[in-house]
Amino acid sequence: MTAGTDIDAPAPTFGERVLAFNAALRFEAPLPGGVEVMNPFPGSACAQAASTAFYRKFYADHLERRIILGINPGRFGAGITGVPFTDPKRLAEACGIHIAACVSAHEPSSVFVYEVIHAMGGPRAFYRSWYINSICPLGFVRATEGGRKKNYNYYDDRRLEDAARPFMVECLRRQLAFGIRRDVCFCLGTGKNAAFIERLNEEYGFFERIVPLEHPRYIMQYKRKESAAYVRKYVSLLGDAGKAAK
């Protein structure tokens, strides 16, 4: 044994596992023309500082959690902060994490997700039981005819979906090792995202069941007047999953 080796060094916390996972994220498969990968972690002072503070604040433990999977990060939420469904405003106001390097931005999906989180006891209580990410933990953008970049989902182009599939499978496998309970996975998106995750699950048996929920972006864009009812639906289904484990 090498002198000075600490054989009793503690296992990394859930949060440190997430941070190591994020730092190692690379998408190296060929992309369709005009599509770019959005990886907020290398070179972003905001994403590095924000995600480090977030995961060390809410995940500094070895607790098991259930997973909620979105599609892929958006430009104004995780694309800036490195924290899924958490824009800079929610990071500061809801999570109490103020990062000077983070420019102000507003993501409608983040607004809805934090309404659910507050209805379930607030960030501290919620994140003790839940881990949120996306089936593709890196995002994509594509330039419009006017040159402006917009969010691009992995399933918007079959070539992109096929290219990203091995990356998504490997990322999910690695995240399950953090301490993810496998009785249920909640999927954000009842259409193409749910169908894709269901197919993956049939092939690999990651979870006992998949429960699709309407995507926060869809709710905020098309069903905003009914958002309170969707919050209650989320709270009921997520809460029932927690009760079933007791």
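The model is predicted: local features need pLDDT of at least 70, side-chain atom pairs count only at pLDDT 80 or more, and totals for chains, interfaces and linings use all residues. Residues are numbered from 1 along each chain as its sequence is written, and side-chain values use heavy atoms, leaving out hydrogens and water.

**View 1. Four strands form an open, parallel sheet.** The order is β3-β2-β6-β7. Strands are DSSP runs (E, at least two residues), numbered from the N terminus. Two strands pair if DSSP finds at least two bridges between them. β3 (130-134) and β7 (210-213) are the edge strands, each pairing on one side only. β6 (residues 180-188) pairs with β7 over four bridges, in the parallel sense. Leu 188 has Leu 213 in β7 as its bridge partner.

**View 2. Glu 107 lies in the loop between α4 (88-93) and α5 (108-119).** Helices are DSSP runs too (H or I, at least four residues). Beyond neighbours within four places in sequence, Glu 107 has contacts including Gly 74, Phe 76 and Phe 85. Contact means heavy atoms within 4.5 Å.

**View 3. Gly 15 sits in helix α1 (residues 14-23).** Gly 15 is buried, at a relative accessible area of 0%. Not counting residues up to four places away in sequence, Gly 15 touches Tyr 55 and Tyr 59.

Definitions and conventions. Buried < 20%, exposed > 50% of the residue type's maximum accessible area, 1.4 Å probe, protein only.
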